[in-house]
2 protein chains.
Amino acid sequence: MTTLQDCQALDAQDALRPLRERFALPQGVIYLDGNSLGAQPRAAAARVAEVVQQEWGQGLITSWNKAGWITLPERLGDQFAPWIGAGAGEVVFTDTTSINLYKVLTAAARIAREDAPARTKLISERSNFPTDLYIAQSVCQEYGLELVLLEPEEIAGALQDDVAISMLTHVNYRTGAMHDMAAVTAAAHARGILCVWDLCHSAGAVPVDLKGADADFAVGCSYKYLNGGPGAPAFVWAHPRLINRFWQPLSGWFGHAEPFKFVPDYHPAQGIQRYLCGTQPMVSMSVLQCGLDIYTEAERFGGMAALRAKSLALTDLFIRLVEERCQGHGLGLATPREHAARGSQVCLTREEGLGVEGKDSGAYAIVQALIARGVIGDFRKGDGTGRHKDILRFGFTPLYVGFEDVWHAVEHLRQVLESGEWQQPGFNTLNAVT
Amino acid sequence: MTTLQDCQALDAQDALRPLRERFALPQGVIYLDGNSLGAQPRAAAARVAEVVQQEWGQGLITSWNKAGWITLPERLGDQFAPWIGAGAGEVVFTDTTSINLYKVLTAAARIAREDAPARTKLISERSNFPTDLYIAQSVCQEYGLELVLLEPEEIAGALQDDVAISMLTHVNYRTGAMHDMAAVTAAAHARGILCVWDLCHSAGAVPVDLKGADADFAVGCSYKYLNGGPGAPAFVWAHPRLINRFWQPLSGWFGHAEPFKFVPDYHPAQGIQRYLCGTQPMVSMSVLQCGLDIYTEAERFGGMAALRAKSLALTDLFIRLVEERCQGHGLGLATPREHAARGSQVCLTREEGLGVEGKDSGAYAIVQALIARGVIGDFRKGDGTGRHKDILRFGFTPLYVGFEDVWHAVEHLRQVLESGEWQQPGFNTLNAVT
């Protein structure tokens with residue numbers, strides 16, 4: 001049996017431990033929801049005061065050049081590119097994940113229409129994050145494609161000659177299951193299918209090698225593992241072989257070859273800059289840099305190899321402790337045990353009918369009871385079919401979560417279950433945001 | 001002749017004067033570029049510290065509900081709606097002007113395709129702000145429309161039965177000339193043409209009555225007269241009769257009828273919420289509220305009627321002083337003298353060939369020499385045809401610009417011209433952002 005002392009020993013040996021001090025975490029909170037909204041870097045407070053009071057307040061319009069606002073989307077892209085296996089000049093931070101997905105799906109649809117007009121399908125996962133499916137639905141409607149939703153085990157067989165585009169999220173938001181990006185991409189390319197990857201739950205959380213996997217397009221958000229702040233601008237990447245083939249349709253002035261020439265005709269910039277559109281929110285974008293800077297610092301602590309090793313150790317420990325200490329309460333594991341198939345979160349299921357008065361699974365109330373104790377995870381509702389069950393979701397950001405945190409989180413879960421306190425009235429108002 | 005004392009007397013009588021104290025303006029600067037980037041509200045410093053350190057740092061994921069982040073786009077829209085003649089539930093702040101324009105132009109193109117498929121043209125102004133033309137170019141390409149660019153005096157005659165959409169910017173960014181929104185919209189509607197208005201240079205600067213004018217769609221930015229901060233989220237409005245007719249194509253989860261049900265099919269929300277897409281940058285959006293709060297406060301000081309009266313008095317004074325005190329240097333007036341046709345800026349031209357060594361107009365160097373003296377305006381290059389000349393552009397935000405500022409600005413301009421200091425090397429590196 002694993003003990004508290006074992007966990008404390010793991011923290012004592014943790015080479016990444018100093019990075020936890022880069023974050024301002026509330027007293028008394030064990031934060032296992034960094035896969036929804038990352039924690040606040042301490043540097044953000046000073047940085048945001050500087051950008052508001054000095055750069056904006058004192059520098060005013062001159063800060064577009066003097067403070068480097070104008071190039072920040074590209075500079076942040078270059079800074080973060082190595083963490084996803086991209087090169088300099090291939091990534092920009094801009095707009096939102098949904099909007100960036102619209103850009104790359106449209107580009108992919110235009111390329112497919114030109115290269116392979118007979119292909120009629122865009123495939124994705126039924127339990128993909130909904131906004132991805134909504135955007136795909138819109139693009140399919142515009143380009144005459146059929147959106148085909150699959151279960152994970154159906155994907156390999158569906159990569160056929162009638163498919164134009166595969167749009168998958170690398171790590172599933174509900175289960176934490178991770179696709180083999182290189183293998184899926186290779187199988188898709190063997191059939192002439194373009195691959196679009198959503199990295200919302202993998203950027204900064206797991207090793208990503210877009211060029212190694214030979215992916216075609218990728219998008220992702222910065223407010224989860226990257227700790228960029230609520231709604232911080234998202235990122236977009238396109239493989240250099242495709243980047244200049246088509247305009248994306250959101251052809252705003254920041255994507256123009258010469259945005260400050262103010263000419264009436266659109267001429268897209270060469271390279272990823274053409275995926276920019278309008279003026280970006282510089283206060284939010286400046287704060288985002290504080291999150292990325294911690295990744296840059298993490299290079300000195302072993303980079304992604306060290307983060308991944310710790311992430312797997314944290315999630316392994318959580319699974320082990322739940323299984324050792326929370327038996328007999330109807331919990332199950334939705335996340336793969338196999339390391340190669342796991343992101344940086346663990347999702348538990350609970351049997352239907354074990355909820356209050358025998359209704360539902362009780363998973364939502366258990367999460368609320370944990371939050372009341374300061375253990376912040378979140379809940380994702382099932383679809384009622386039994387295939388996609390109610391989920392208790394716990395994210396483990398190796399930059400700031402420690403092994404003792406895992407111990408206490410499971411101990412709180414054990415107490416919540418054994419005491420029955422989750423059945424108290426009040427633990428039942430939905431307030432979840434991915 | 002107007003004197004400094006006359007200007008000081010106007011400041012002494014200015015009922016809006018207390019609002020200037022709401023802004024943190026740099027010492028020694030006369031800021032006449034609020035039509036490019038508005039000044040920093042003093043409240044922004046405390047607000048941004050609160051949103052970063054308390055709401056994000058301490059509240060973490062719970063702030064989406066507890067701090068009201070989730071509803072901020074709609075709440076800010078409701079707060080500002082009266083200033084543009086819109087009703088509650090009709091405006092949201094979100095994304096960028098370019099992206100919002102893409103949404104409404106696509107919606108308009110879809111409506112036109114259904115209602116009037118024989119119409120083939122989208123008309124706009126040749127000197128419209130370029131990003132509007134770039135987005136229109138993209139939408140025209142997708143919907144098989146022809147983008148027709150006109151001079152202002154050609155517009156009335158071009159409102160014919162072959163036009164599907166008129167896309168105009170209410171106040172021109174280069175000249176400060178203002179269209180008669182009600183008259184143009186009525187003439188367009190008489191021919192069955194949909195009217196899209198860009199309010200970037202008019203929201204908060206001049207009276208706007210979208211519903212009074214019976215406009216169809218409108219967009220605008222918040223970082224100019226609204227003082228929302230660099231790149232703060234833009235706004236979008238659709239007339240209630242049109243709002244639910246079509247999806248806009250950026251069908252992200254925040255525009256879904258039930259975004260947190262996480263269903264795989266897109267069902268757009270009723271109302272302006274369907275013009276939302278992805279997760280918004282909450283740090284920037286929270287700062288934006290500080291700018292809008294000053295407008296709310298301005299209601300007590302006479303609201304838009306008082307702001308407009310002061311704006312016209314400021315721009316009248318600037319024109320008069322330039323004409324009285326800067327004769328003989330080749331300056332001309334690009335902005336209409338007629339009040340009904342003027343926004344809140346004054347644009348001067350300068351004769352070609354009067355620049356350094358007889359090249360160009362010298363307008364750029366004059367603006368740089370003024371900036372070096374702390375008088376911040378900006379420069380917009382002409383198109384070399386003589387029709388659209390080089391512009392020295394000065395914006396007058398009545399919330400914080402005073403009459404004595406105008407005196408000193410013109411006095412600096414006079415000294416720059418008479419001393420010839422603008423001809424010094426170094427006043428010639430382009431750094432303009434609208």
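This is a predicted model: local features need pLDDT of at least 70, side-chain atom pairs count only at pLDDT 80 or more; totals for chains, interfaces and linings use all residues.
**View 1. The open sheet of chain A.** Seven strands build this sheet: 7 strands in the order 4-10-9-8-7-5-6, with mixed pairing. Strand 4 (91-93) and strand 6 (146-150) of chain A stand at the edges. Each has a single partner strand, so one side of each lacks a neighbour in the sheet. From one strand to the next, the twist averages 15°.

**View 2. Strands 7 and 8 of chain A, side by side.** Strand 7 covers residues 163-169 of chain A, and strand 8 covers residues 194-198. The two pair in the parallel sense, over 5 bridges. Look for A:Leu168: opposite it stands A:Trp197, in strand 8 of chain A.

**View 3. Helices on the sheet of chain A.** Helix 6 (residues 97-115) of chain A packs on the sheet. This helix touches strand 5 (121-125), strand 7, strand 8, strand 9 (217-220) and strand 10 (235-238) of chain A. The direction of helix 6 makes about 170° with that of strand 9. Helix 9 (residues 181-190) of chain A lies across strand 7 and strand 8. Helix 9 runs at about 155° to strand 8 of chain A.

**View 4. A loop residue of chain B, B:His239.** Find B:His239 in the loop between strand 10 (235-238) and helix 11 (240-243) of chain B. Is this residue, B:His239, buried or exposed? B:His239 is buried, because its relative accessible area is 12%, and the cut-off for buried is under 20%. Leaving aside residues up to four places away in sequence, B:His239 touches B:Asp214, B:Ala215 and B:Asp216.

**View 5. The rotation axis between the chains.** Two copies of a chain are related by a rotation about an axis and a shift along it. Here, a rotation of 180° with 0.0 Å of shift superposes chain B on chain A, with an RMSD of 0.0 Å. That is the relation of a two-fold axis. Within chain B, the residue closest to the rotation axis is B:Ser284, at 2.6 Å (C-alpha).

**View 6. Where chain B meets chain A.** The contact takes 80 residues from chain B and 79 residues from chain A. About 6,800 Å² is buried between the chains, and carbon and sulfur atoms give 69% of that area. In chain B, the residues that lose the most area to chain A are B:Trp56, B:Ile61 and B:Tyr134, together 12% of what that side buries. Of the interface residues of chain B, 99% are also interface residues in chain A, so the copies meet through the same surface.

**View 7. A salt bridge between the chains.** Chain B and chain A share 2 salt bridges. In one of them, the side chains of B:Arg110 and A:Glu142 meet at 3.8 Å, N to O.

Methods
Residues are numbered from 1 along each chain as its sequence is written. Chains are lettered from A and ligands numbered from 1 in the order in which they are written. Side-chain values use heavy atoms; hydrogens and water are left out. Two strands pair if DSSP finds at least two bridges between them. Helices (H or I, at least four residues) and strands (E, at least two) are DSSP runs, numbered from the N terminus. Axes are lines fitted to C-alpha atoms, for helices over the stretch in contact, and angles run from 0 to 180 degrees between N-to-C directions. Contact means heavy atoms within 4.5 Å. Copies are superposed by least squares on the C-alpha atoms of residues with pLDDT of at least 70 in both. Buried means under 20% relative accessible area, exposed over 50%, partly exposed in between (1.4 Å probe, protein chains only). Buried area is the accessible area (1.4 Å probe) that two parts lose on being put together, summed over both. A salt bridge is a side-chain nitrogen of Lys or Arg within 4 Å of a carboxyl oxygen of Asp or Glu.
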